[in-house]
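Hi,

Here is the structure I promised to pass on. My notes on strands and salt bridges follow below it.

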Amino acid sequence: MSKFNKIENNYWRNFATRAVLSLVTIAVIVLLLPRRQSKLFNYEVGQVWRYPALNAQFDFPVFKTDEAIKAERDSVVRQYQPYFNYNDDVEKQQIERFRENFKNGIPGLKGGDWVNYIANRLHTLYQRGIIDPTVETQLENKGESSVRIVVGKEAVSESRDSIMTTINAYERLFMDPRLGPNRTLLQSCNLNEYIEANLVYDKDRNLAEEDDLLNTVTPASGLVQQGERIIDNGSVVDEYKARVLSSYEKALAEHNAGGNEITSTLIGQTIIVSILVILFTLYLVLFRKDYFVKPRNITMLYVMIVIFPMLTSMLMRYNKFSVYLIPFAMAPIFIRVFMDSRTAGVTHVTTILISAIAVKYQYEFIVVQLVGGLIAIYSLRELSKRSQLFLTALLVVIGEAAAYLSLQLIQVDSLTKLDGTMYYHLMISGFLLLFTYPLMLVVEKTFGFVSTVTLFELSNTNNELLRRLSQVAPGTFQHSIMVGNLAAEVANKIGAKGQLVRTGALYHDIGKMTNPAFFTENQASVNPHDKLTEKESAAIIISHVTEGLKMAEKYNLPRVIRDFISTHHGEGLTMYFYVKYKNAHPDEEVDPEPFRYPGPNPFTREQAILMMCDTVEAASRSLKEYTEENISKLVNTLIDNQVAQGYFRDCPITFRDVTVAKQTLIERLKSIYHTRIQYPKLNTKE
């Protein structure tokens, strides 16, 4: 029970930590977003403009006056024809009820089929259409002259005078030359009870149609573009300029002017930022749970989401430089190098959408920056050389410039109106993108990641630790190089990280430097294990893992490399000495723990690959004959045994990956040991 409580407490603690991180991210972004107050002007029509010449800081529409908008809306409403649905069931029900109630005839009327005659007259009235009197009053108040009657899928326009109310229909019934003279008798039959509105006002459809028509009445009658002169100092404010100034003030209000506007803007910013951050968090929970549970991964992602909107807000707040100077593509490059392309793409989209809240021209900003980020992700699959980053920066600048040019061509009607200032900003941004290379070291040290550049540096055999390994334990050094080559090829075949597993392979056996002579690859002729018991030998063999971890910590090897040292044997047994001990003590129940490696078992695909390649490469040296059959049998037996022992249960490696690994190892070992086909012998006569 205590163990369960501990697991549950850890779960809620981790959940609370990540929830707080998300809330802090939202709070920091919202607090940094600009909410500037804009200056308002005092002016009247016919007076001189006392302020300096005013230019538009952004595009804004010239709004119509409230009276003009109301007149246009009233005109649209007057031309509108409301919809009425024709209900066949009303006529059917009422006439059937009339026939049933008077199936024995009309009291007081003799001669002729009065029931059928009256039923036919009711049918004629219903065919013309009957509406409720209150609806008729509403139509009259609105000045509607015609309506549309919907029968099935067709709508027929009819004059309002051609349809009747229930009251008019009752009166029209007695205009009939046969029924009129008998009105006194027929009034006792209460024929008005059989007259009901069969044209039903379609409220939902009419509201939707009216809204659509009213939406065609635009509140603006023109557009003032950024940089355009609104009014000069000393000019007289006429009615049109007054409308332009009024529209400009409304636009300023929409750009967060005034206390109420600031409050509403703050609420809106909080909502949209919360939505975007929550969606990003859900992406991690649903598709990248391994990143979500690791503090360094999720911290780096949220930091990236905060930094770039923060820089955008600062530039917009002080209005000193263009936001296009910010190298937004830097964030997806970092995430692509340290994580994966999919996460880089989602993070970049989230960052750009949040940053767009602070900018003026959101559409072009989003398009240009998304293009640049996607190009950076696609062009930089693995950063191993500075030249790769230079090419990526060049492609990003070209792509963003092309996107901006296309938007300009859509908006302007002449090439002479193209603005070239933006292209200088994009080039400066591309130059700043080159600083990704030195900043990568800062990100590595801050969040504990290992880049491909660092892996290349660690795999240099001239560094101190590997050079010492080659001198103290040359056999182990050669074995590590062989394992690294095999593991890298397997990793490349199954889509794992080849450079990572190669580097891990070079260091996985560094612990053997403590007692190199006790490992067969370093022995010449004397085997020191002959003078030791099986348990003592097993302890020395096992110690190369713990000693390797001590060495790795001493030389500050990254955590990801140390994990290869601890997992390359997993929780397996030193099988040679374990079996030898069991054979020497047949009557004893042998405890396997003294012969077991400390583990843990591999928990990444790269670690599983190293375990397979390490075992196969070491065992391949014991083959007496390097035939294709022997190599295939050795590889399949060893790896199948590892799978059966459950060494790969904790890592996301698939059966397909294991199959590809087997095939790759067989082919590589055949190539290494130069297996040849068996040539037939020539039969000769004695």
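A word on terms before the details: a residue is called buried when its relative accessible area is under 20%, exposed when that is over 50%, and partly exposed in between. Please also keep in mind that this is a predicted model.

With that cut-off, Lys670 counts as buried because its relative accessibility is 15%. Its salt-bridge partner is Glu628, with the closest N and O atoms 3.4 Å apart. Glu628 sits in helix H27 (residues 628-644) and Lys670 in helix H28, so the pair ties together parts that are 42 residues apart in sequence. Glu628, at 47%, is partly exposed.

Helix H28 (residues 655-672) also holds Asp657, whose side chain meets that of Arg605 in a salt bridge (3.2 Å, N to O). Arg605 belongs to helix H26 (residues 605-620), 52 residues apart from Asp657. Asp657 is buried, at 5%.

Another pair is Arg183 and Glu171, again a salt bridge, at 3.4 Å between the closest N and O atoms. Here helix H7 (residues 183-187) is linked to helix H6 (residues 166-173). Both partners are partly exposed: Arg183 at 27% and Glu171 at 34%.

In total the structure holds 15 salt bridges, and shared partners join Asp509, Lys512 and Glu521 into one network.

Now the strands. Strand S3 (residues 83-86) runs parallel to S5 (residues 146-151), joined by three bridges, and Tyr83 stands opposite Arg148 there. Three bridges also join S3 to S8 (residues 199-201), but antiparallel, with Tyr86 opposite Leu199.

Best wishes

Note on methods. Residues are numbered from 1 along each chain as its sequence is written. This is a predicted model: local features need pLDDT of at least 70, side-chain atom pairs count only at pLDDT 80 or more; totals for chains, interfaces and linings use all residues. Side-chain values use heavy atoms; hydrogens and water are left out. Two strands pair if DSSP finds at least two bridges between them. Helices (H or I, at least four residues) and strands (E, at least two) are DSSP runs, numbered from the N terminus. A salt bridge is a side-chain nitrogen of Lys or Arg within 4 Å of a carboxyl oxygen of Asp or Glu. Buried means under 20% relative accessible area, exposed over 50%, partly exposed in between (1.4 Å probe, protein chains only).
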